[in-house]
Amino acid sequence: YQRRVHGRKDPPDYNTLQQYLRYKVIEDHVPIAFQLLKFEDIYPPSFQLALDMLSRLQAWGEIVEVLLTRNMLVKAVDILISHDVKSVASHHILEKAVELHDPMTFYTIYKLLQQLNIVRRGSPEFIDEDKCQKYTEMFKNMFNERSK
């Protein structure tokens, strides 16, 4: 049955699919979770089913990426921090925050990432390899404050 779900463009009966997932008839796998995400437009609960599957798999980097594509930045950074995800770059997250054209979201994300820097390095500052120099300048200009 997993082959049928993985290769389909549209899911089988949604209630059946949900039961198969709940009772592990369909095993947890990252590709299946991503297939579930494709059903979100026609079956909105599939988004949460996919996130639950990725969570059971402890695929935290994938969860962060999924949340970023949905512009759920604060939740993405929360998971990034709580599970110490290192596979997602700070500059990538800050870029997404800028794309939203929401100064408060940018401010919040910037400050959360500074908190992550404190945990990881003992300093809120971004280092050169973070590639966040332009976002630090943007932050200083937008909020008329130092980056600390």
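Select valine 77 to begin. Not counting residues up to four places away in sequence, valine 77 touches Ile93, Ile109, Leu112 and Leu113. Contact here means heavy atoms within 4.5 Å. Valine 77 sits in helix H6. Is valine 77 buried or exposed? Valine 77 is buried, with a relative accessible area of 0%. Buried means under 20% relative accessible area, exposed means over 50%, and partly exposed is in between (1.4 Å probe, protein chains only). Valine 64 and valine 77 are 13 residues apart along the chain, and their C-alpha atoms are separated by 7.3 Å.

Some ground rules before you go on. This is a predicted model, in which local features need pLDDT of at least 70 and side-chain atom pairs count only at pLDDT 80 or more, while totals for chains, interfaces and linings use all residues. Residues are numbered from 1 along each chain as its sequence is written, and side-chain values use heavy atoms, with hydrogens and water left out.

## The whole chain

Zoom out and colour by secondary structure. Helices (H or I, at least four residues) and strands (E, at least two) are DSSP runs, numbered from the N terminus. Along the sequence, the pattern reads α-α-α-α-α-α-α-α-α.

Next, show the surface. The accessible surface of the protein chain is about 8700 Å², and 51% of that belongs to carbon and sulfur atoms. Accessible areas come from the Shrake-Rupley method with a 1.4 Å probe; for residues, only the protein chains shown count as cover. The protein chain has 148 residues, of which 37% count as buried. Among contacts in the protein chain with a separation of 6 or more, 54% are between residues 24 or more positions apart.

Two packed helices are described by the angle between their axes and the distance between the axes. Axes are lines fitted to C-alpha atoms, for helices over the stretch in contact, and angles run from 0 to 180 degrees between N-to-C directions.

Select residues 30-38, helix H3, and residues 45-56, helix H4. Their axes come within 8 Å and cross at roughly 165 degrees. That makes H3 roughly antiparallel to H4. By angle, under 35 degrees counts as roughly parallel, over 145 as roughly antiparallel, 65 to 115 as roughly perpendicular, and the rest as oblique. The crossing of H3 and H4 is left-handed. A crossing is left-handed if the near helix is turned anticlockwise from the far one by less than a right angle, and right-handed if clockwise.

Show the side chains. H3 brings Val30, Ile32, Ala33, Leu36 and Leu37 to the contact, and H4 brings Ser46, Phe47, Leu49, Ala50, Met53 and Leu54. By class, the contact of H3 with H4 has 10 nonpolar, one polar and no charged residues. Ala, Val, Leu, Ile, Met, Phe, Trp, Tyr, Cys and Pro count as nonpolar; Asp, Glu, Lys and Arg count as charged; the others, Gly among them, count as polar.

## Helices H4 and H5

Look for Phe47, Leu51, Leu54 and Ser55 of H4 against Trp60, Glu62, Ile63, Val66 and Leu67 of H5. This contact divides into seven nonpolar, one polar and one charged.

## Helices H6 and H7

Return to H6, residues 73-82, and show H7 with it. The two pack at about 165 degrees, with axes 11 Å apart. H6 and H7 are therefore roughly antiparallel to each other, and their crossing is left-handed. Leu73, Val77 and Leu80 of H6 meet Ile93, Lys96 and Ala97 of H7. By class, that gives five nonpolar, no polar and one charged residues.

Click on lysine 96, in helix H7. Lysine 96 is buried, with a relative accessible area of 17%. Not counting residues up to four places away in sequence, lysine 96 touches Leu68, Thr69, Asn71 and Leu73.

Most residues other than glycine have a negative phi. Which phi does histidine 101 have? Histidine 101 has a positive phi of about 55 degrees although it is not a glycine. Find histidine 101 in the loop between helix H7 (90-99) and helix H8 (103-121). Histidine 101 counts as exposed, at 70% relative accessibility.

Last stop: lysine 131, in the loop between H8 and helix H9 (133-143). Lysine 131 is not a glycine, yet has a positive phi of about 60 degrees. At 54% relative accessibility, lysine 131 counts as exposed.
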